[in-house]
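Subject: Structure handover

Hello,

I am passing on the structure we spoke about, with a short account of what was found in it. Please keep it open while you read.

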Amino acid sequence: MACNFSFPPLTPEQIAEALHTYGLAPTANLRAEDIANPQPDLLPAVISNFLATVVDPTGADDLDGQLGFDALASLDNPEHYMEGIRVLRLHKRASRFLESIQFPGFTLRDLLRPDPRRLVQVLSALINFLYYRDDKLALLQPIIHEFPNLDERCMELKAKLAEHQKAIADHELAAQMEEPMVQQLEAEVNSLKQKLVEYNKKQLALRANATAINDKKEETHRKIAKNDFELVKLAQENSKLLSKIVESPEKLQRALEEKKTARAELKNAEKIATQSVQEKTATLEIYSKGYEKLSKHSTKIQALQEQVTATKALEKEVKARKTKISDESVEIMALDTKIIEWDGKVHEMEEHVKAKEKKRDQIVADENQKLAALSSEVEWKLKCLEPRERKVEETIAKATKLCAEVDSTRTDAAEELQLIYAKFQQIGHAFTCYKDNFKSFLE
C-alpha cells in the first residue's frame, strides 16, 4: 500500500476522542488516563476492533478460525495454545498492516506489554491512517456525485456482460460444432495439396515427353523432305536415262537394274518413313489426348486451388473471429474489474455513510444531552441571579446617587479651584512687583 501521509504523535486526549469517534474504543468509558497508563489488554482490543471494522469488515480472515487437523495433531493439548495462537495471528495481521503504511518494527512486546510512549505511537499511526482515509474519501465524493445512477449502470453493465457471455458461449458452441467439418476440410485440403503436387510432377513429365516428341517429329519431317528431294533427283535421272535408252541398251539395262534396285530401296525407305510417320502421328494423338486429360486435370486442380483459397479465407475469418472474441473477453474482464472496483467503492461509501450517520446520531445525542444540561443549568442560574439582579439594581441606584454627589462635589471643587487660581495669580503678581522693587532697591 503506497501511502502519502505521516503519523505525528497525538495526545492521549486526542487519541481517546478519536477512538470513541470511530467506534474503536474497547470500553465506553475509555479516558486519556487509560492511554497514559495502559493496561496489557488495551492495544490488542483496539487493534482487533480496527482490523474487524476497517481492514477486513467481511471477516474473511477470522482471528478465531479453527486449526487444521495437521496442526492439531502436532500439538499435545491444543486447547492450551488457543489464546497464544490468537495473539500470534493478531500480531501477524497488525504488523503486516503497519508495515503497509510504512510503520515497521511492531513487535510482540509492543502488543502485549507496551510502554506508554510506544502505545501512543502505534495508536497515532492508526488514527492518522483513519484521518488520511477520510480525506481521500472526501476527495472521492465529487466523483461519486458525478455518477448518481451507479446501481443502474452496474445493472446495465451486468446485462451487457451476460449478453456477451451468451454470445461467446454460442460462438464457442458453433465453433465446437463446426470443428469436425473444419478438420475434415483440413484433411481434404491436405490430400488435395498432395494430389496437386503429384499432378504438377506428372504435368512436368508430360511436358518433357511432348518436347521430345516434337523434336522427333521435326527430325522425321526433315528426313521426309530429304527423301522427297532425292526422289525428285531420281526422277530427273530416270528421265535422262530414258533419253539414253536408244543409244546404249546394255548400259541402259544395267542402269535400269541399278535404278530399280535404288527405287526398291527408296520405296522400302519410303514405307519405313511412312510407318514411322504413322507411328509418330499415333503417338502425337496419344499425347494430344494426354494433354486434353492434363488440361481437364488442371481445371480440376484450379477448382481445388479455389477451394483451398476459400478454406484459407474461412480460416482467416475464424482467426479474426477468435481474435475478436479474445478482445471482447479482454473488454469483459476490464468491465469485470471496473465493476468490482465500483462495488468496492460503493461498499466503502456505504460504510463511510453509515459511520457518518452513526457519528452524527451520537453527536446529536451528545449535543441534546449537553443542551438539556445547559438549559437546566441556565434555569438554575437564572433563579440564582434574581436576588443578584435586585442587589445589582440597588447598587446601581446607590451608584447613580453617588455619581450625582460626585458631580456636585466636582463642580464645587472646580469653583474653589478657580478661586484658588485667581488668588494664586494675585499673589504671583504681587510677588513679581515686590521682586522688581527689591531689585531696584538693591541696585
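A helix here is a DSSP run of H or I that is at least four residues long, and helices are numbered from the N terminus. Lys312 is found in helix 9 by that count. Please bear in mind throughout that this is a predicted model.

Overall fold

The chain has 9 helices and 0 strands. The chain has 443 residues, and 18% of them count as buried.

The nonpolar core

The largest nonpolar core holds 34 residues. Within this core, the residues that touch the most other members are Leu19, Ile35, Ile47 and Phe50. Two or more residues each are given to the core by helix 1 (12-22), helix 3 (42-55), helix 5 (82-100) and helix 7 (116-146). Helix 7 supplies the largest share, with 9 residues.

The positive patch

On the surface there is a patch of positive charge, where Lys193, Lys312, Lys316, Lys319 and Lys322 gather. Which helix gives the most to this positive patch? That is helix 9, which spans residues 249-442 and gives 4 residues. A residue would have to be under 20% to count as buried and over 50% to count as exposed.

The nonpolar patch

Leu112 lies in helix 6. Leu112 counts as partly exposed because its relative accessibility is 36%, and patch members need over 30%.

Gly105 sits in the loop between helix 5 and helix 6 (108-112). With a relative accessibility of 45%, Gly105 is also partly exposed. How far apart are Gly105 and Ser95 in space, C-alpha to C-alpha? The distance is 7.9 Å, while in sequence Gly105 and Ser95 are 10 residues apart.

That covers what I have to hand over.

Regards

Note on methods:
Residues numbered from 1 in each chain as written. Predicted model: local features only at pLDDT ≥ 70, side-chain atom pairs only at ≥ 80, totals over all residues. Heavy atoms only, no water. Patch = residues over 30% accessible without salt bridge, like charges linked within 9 Å, V, L, I, M, F, W, Y side chains within 5 Å. Areas by Shrake-Rupley, 256 points an atom, 1.4 Å probe, with all protein chains shown as cover. Salt bridge = Lys/Arg side-chain N within 4 Å of Asp/Glu carboxyl O. Lys, Arg positive; Asp, Glu negative; His and termini not counted. Charge placed at Lys NZ, Arg CZ, Asp CG, Glu CD. Core = buried A, V, L, I, M, F, W, Y, C linked by side-chain atoms within 4.5 Å. Buried < 20%, exposed > 50% of the residue type's maximum accessible area, 1.4 Å probe, protein only.
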